[in-house]
Amino acid sequence: MPKCILPWISIEATPMGTTRPCCLAKHEIPGIDLKKHTLEDAFRSEYMDDMRKAFSEDKKPGQCSSCWMEEDAGKKSKREYMLEKFRHIEVDYNNTKGESLQFLDLKLGNICNLKCRICGTWSSSKWGQEELDYYNPELEGNSQIKDWLKAGQWPRTSRKFWDNMDLLLPQIKYFEFTGGEPFLIKQHFDLLERAVEKGYAKNIDIHYNTNTTKLPKQHEIWKHFKHVQIAFSVDNTKERFEYERYGAKWRTSNKNINAIHTLRDSGEYNMETQLCTTWNIQNIFYVDEVLTWAETMNFNSIHFNLMHDPWELAISNTPTSAKAELMIYLQKCRVKHQKYAKDIESLQHIVMRSQQEDAQPLHNKFRRTDLYRNQNFAESHSKIAKAIGYEL
């Protein structure tokens with residue numbers, strides 16, 4: 001079977017200062033703490049050696065189950081995207097030692113200004129107080145949230161990590177910055193400045209996932225890099241966007257996207273943009289609205305991302321009560337949006353394979369946050385709320 005190139009060239013730093021083979025891997029690399037270790041320690045760990053060995057023997061590592069599930073449903077997986085993206089890189093898949101770290105997926109802490117419904121304190125500092133309010137102070141969950149808030153500060157306290165980054169810069173060809181919200185994380189701009197100062201920027205591509213709320217003043221630094229791709233995380237439109245990306249304003253987000261497009265079209269930047277929509281229970285009944293809006297925005301591409309966690313919101317766990325109506329709706333979307341017919345068909349396959357009969361865990365998740373924020377999913381997302389039988 002085809003390999004995955006990422007274990008041979010890449011490592012992910014999580015918002016909590018741990019590491020993973022990639023953002024979809026089920027497990028963190030054991031024993032690695034970026035306050036004490038380096039990305040090279042993670043890349044050359046026994047865990048990663050074992051993973052590379054499994055791929056070299058044509059096995060399917062269990063930590064890659066998200067990709068296997070997507071591929072079984074006919075969706076192009078991250079593994080397949082990365083093989084295509086890095087097809088120019090020669091890899092010796094028989095060499096299972098970490099020797100060519102070129103791609104860094106950096107989540108430099110959990111600083112963020114939003115409380116997106118698909119997120120939590122592990123990736124958004126803004127979520128912290130709300131999640132603390134959910135739990136009795138005596139319960140273990142409260143302690144874990146405090147630990148997450150503290151752990152998310154690791155980029156501001158780990159000198160060893162940054163010293164090692166200076167050593168890595170000559171070999172890095174690709175940065176991916178997600179979050180938290182990367183445009184709010186000063187350390188990432190400091191890193192870009194060092195790449196420019198040392199003369200490496202011209203060899204480095206950058207990919208961002210941004211929540212659309214900020215237009216960074218430091219954007220001129222992007223002119224020095226080989227290529228910049230900015231992916232805008234927009235999962236719905238208008239009032240539903242503001243519900244799902246709590247704290248964001250639809251008008252401001254559109255303004256910022258258009259501002260980035262003005263930079264792109266100026267000819268001064270080697271830049272392209274992408275709409276990255278994470279399909280989940282909240283927005284799966286609004287595919288048409290999202291794609292219709294996207295057609296007016298002049299993105300270079302659209303990426304169909306899939307929610308895996310929190311599990312209650314994954315379309316792979318669509319409650320039985322919603323499946324039939326949702327399949328009919330998605331079929332209409334396939335006919336209307338022929339350009340994305342294959343992508344929509346893969347969403348249908350995933351919905352149909354759901355074995356989730358009980359909608360109560362999903363109801364509980366919506367209700368707790370609705371009550372805290374004085375919102376009502378049944379009003380803002382009436383189609384899907386009715387299909388799953390949700391009432392506040």
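**Note on cysteines and salt bridges**

1. C119 is buried at 19% relative accessibility (buried means under 20% relative accessible area, exposed over 50%, partly exposed in between; 1.4 Å probe, protein chains only). C119 is in no disulfide (a pair of cysteine sulfur atoms within 2.5 Å). Its nearest cysteine sulfur belongs to C116, 6.2 Å away.

2. This is a predicted model, in which local features need pLDDT of at least 70 and side-chain atom pairs count only at pLDDT 80 or more, while totals for chains, interfaces and linings use all residues. Residues are numbered from 1 along each chain as its sequence is written, and side-chain values use heavy atoms, with hydrogens and water left out.

3. The disulfide count is zero. C67 is buried, with a relative accessible area of 8%.

4. The whole structure holds 25 salt bridges (a side-chain nitrogen of Lys or Arg within 4 Å of a carboxyl oxygen of Asp or Glu). One of them joins R44 to E40, at 3.6 Å from N to O. R44 is partly exposed, at 48%.

5. K186 pairs with D190, with the closest N and O atoms 2.9 Å apart. Both sit in helix α9 (residues 186-197), four residues apart, so about one helical turn separates them. Helices here are DSSP runs (H or I, at least four residues), numbered from the N terminus. K186 is exposed at 55%; D190 is partly exposed at 24%.

6. D265 and R264 form a salt bridge at 2.8 Å, N to O. D265 is exposed at 53%, whereas R264 is buried at 9%. Elsewhere, shared partners link E12, R20, D105 and K107 into one salt-bridge network.

Terms used
Helices (H or I, at least four residues) and strands (E, at least two) are DSSP runs, numbered from the N terminus.
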